[in-house]
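This note concerns the aromatic side chains of the structure shown below.

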Amino acid sequence: QVQLVESGGGLVQAGGSLRLSCTASGRTFSDYSMGWFRQAPGRNGEFVASINSVDGSAIYANSVKGRFTLSRDNARNTAYLQMNSLKVEDTAVYYCVAAQAGTALTEGNWGQGTQVTVSL
């Protein structure tokens, strides 16, 4: 299975930007669809975005569409989540996930999570 390490979280003011990285090891990165989920205190986990392994197309939750961009660099085994115009409600632990074709993202391999805190 693939191992994932997230980085790039931190504290930022509302309106600011952060870029999360998810670096994979252990398997052929290009074979995996990549995604991000997040979980805020007291709330259920929420899908954020995913990018597939076939053509690199991405889909986004309505709550982040137009503000977040998910990309991947197969040569670096890394997926990037660029988060712009951050809002207080984006505060959460963000988890990277990788899944092979035919496997739902939620059934894939998860990273340890990285905290994103957006302040007023």
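**Aromatic contacts**

1. Phe37, Phe47, Tyr95 and Trp110 make up one aromatic cluster. The model is a predicted one, and the points that follow should be read accordingly.

2. How many aromatic pairs does a search of the whole structure find? The search returns three. One of them joins Phe37 and Phe47 in an edge-to-face arrangement, with 5.6 Å from centre to centre and 75° between the planes. This pair links distant parts of the chain: Phe37 belongs to strand E4 (residues 32-39) and Phe47 to strand E5 (residues 46-51), the two residues being 10 apart.

3. Are the two partners of that pair buried or exposed? Phe37 is buried, since its relative accessible area of 12% falls under the 20% limit. Phe47, at 27% relative accessibility, counts as partly exposed.

4. Phe37 also pairs with Trp110. Here the rings are tilted, with centres 5.1 Å apart and planes at 40°. Because Phe37 lies in strand E4 and Trp110 in strand E10 (residues 109-110), this pair ties together parts that are 73 residues apart in sequence. Trp110 is partly exposed, with a relative accessible area of 37%.

5. A further contact involves a charge and a ring. The charged end of Arg72 is placed over the ring of Phe29, at 4.6 Å from the ring centre.

Key: Residues are numbered from 1 along each chain as its sequence is written. This is a predicted model: local features need pLDDT of at least 70, side-chain atom pairs count only at pLDDT 80 or more; totals for chains, interfaces and linings use all residues. Side-chain values use heavy atoms; hydrogens and water are left out. Rings of Phe, Tyr and Trp (its six-membered ring) pair if their centres lie within 6.5 Å; planes under 30 degrees apart count as stacked, over 60 as edge-to-face and the rest as tilted. Helices (H or I, at least four residues) and strands (E, at least two) are DSSP runs, numbered from the N terminus. Buried means under 20% relative accessible area, exposed over 50%, partly exposed in between (1.4 Å probe, protein chains only). A charge sits over a ring if NZ of Lys or CZ of Arg is within 6 Å of the ring centre and within 35 degrees of the ring normal.
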